[in-house]
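Dear colleague,

Please find below the structure that I am handing over to you, with its sequence. My findings follow directly after it.

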Amino acid sequence: MSMIRRILMLASWLAGVVALVSGSLTAAYAQAAAPLARPTFNVLYAFDDPGSGVGDDGDSPSIIPSGDGGYVGTLVNGGAFGYGMVYKLAADGSVTTLHDFTGCAD
């Protein structure tokens, strides 16, 4: 019986050591884990403040990804005729006018 008791005590001690090491490793990993990085943002294009509408960037820019790293969007007012426009904003910040609204049936 003495031998069985020693084996059980040793097994119990070993289980405690394994639990202690496991818990220590878990705590160490949790402390070593880096906090989540905050995203950084870059201004691609700053729209001008609208004035008279003609030649200005316009009001209320909308923007959606175009799938090629750039964006497409619309502006109310602004553009060549002051009735808004559809534009493409490239990833390098360059803007291309796709369509200037004329105020007619376009």
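Lysine 88 counts as partly exposed because its relative accessibility is 22%, where partly exposed covers the range between buried (under 20% relative accessible area) and exposed (over 50%), computed with a 1.4 Å probe and protein chains only. The side chain of lysine 88 meets that of aspartate 68 in a salt bridge, with 3.0 Å from N to O; the term requires a side-chain nitrogen of Lys or Arg within 4 Å of a carboxyl oxygen of Asp or Glu. Since lysine 88 belongs to strand S3 and aspartate 68 to the loop between S1 and S2, the pair ties together parts that are 20 residues apart in sequence. Aspartate 68 counts as exposed because its relative accessibility is 54%. A search of the whole structure finds one salt bridge. The C-alpha atom of aspartate 68 is also separated by 8.5 Å from that of alanine 90, 22 residues away along the chain.

Please bear in mind that this is a predicted model, in which local features need pLDDT of at least 70 and side-chain atom pairs count only at pLDDT 80 or more, while totals for chains, interfaces and linings use all residues. Residues are numbered from 1 along each chain as its sequence is written, and side-chain values use heavy atoms, with hydrogens and water left out.

Confidence

The chain averages a pLDDT of 73, and 58% of the residues score at least 70; pLDDT is the predictor's confidence in each residue, from 0 to 100. Within the chain, confidence is lowest in H1, with a mean of 57, and highest in S4, at 91. Where pLDDT is low, the predicted coordinates should not be read in detail.

Overall organisation

The chain holds one helix and four strands, in the sequence pattern α-β-β-β-β. Helices (H or I, at least four residues) and strands (E, at least two) are DSSP runs, numbered from the N terminus. Of the 106 residues in the chain, 14% are buried. Contacts that join residues at least 24 apart account for 19% of those between residues at least 6 apart in sequence, a contact being heavy atoms within 4.5 Å. The chain exposes about 8,200 Å², of which carbon and sulfur atoms supply 64%; accessible areas come from the Shrake-Rupley method with a 1.4 Å probe, and for residues only the protein chains shown count as cover.

The sheet

The four strands form an open sheet in the order S1-S2-S3-S4, with antiparallel pairing. S1 and S4 are the edge strands, each pairing on one side only. Two strands are taken to pair if DSSP finds at least two bridges between them.

Strand S2 (residues 71–75) pairs with S3 in the antiparallel sense over five bridges, and leucine 75 stands opposite methionine 85. On the other pairing of S3, with strand S4 (residues 95–100), there are again five bridges in the antiparallel sense. Here lysine 88 stands opposite threonine 96, valine 86 opposite histidine 99, and leucine 89 has valine 95 as its bridge partner.

In a regular strand the side chains alternate between the two faces of the sheet.

The S3–S4 hairpin and its surroundings

In this hairpin, five residues lie between the strands, and glycine 93 takes a positive phi near 95 degrees. Glycine 93 counts as buried because its relative accessibility is 14%. Apart from neighbours within four places in sequence, glycine 93 is in contact with Leu44 and Tyr45. The C-alpha atoms of glycine 93 and tyrosine 45 are separated by 5.5 Å, although the two residues are 48 apart along the chain.

Tyrosine 45 sits in the loop between helix H1 (2–32) and strand S1 (64–65). With a relative accessibility of 30%, tyrosine 45 counts as partly exposed. Leu44, Tyr45, Ile63, Tyr71 and Val95 make a nonpolar surface patch of about 370 Å². Patches are made of residues with over 30% relative accessible area and no salt bridge; like charges are joined within 9 Å, and nonpolar side chains (Val, Leu, Ile, Met, Phe, Trp, Tyr) within 5 Å.

Yours sincerely
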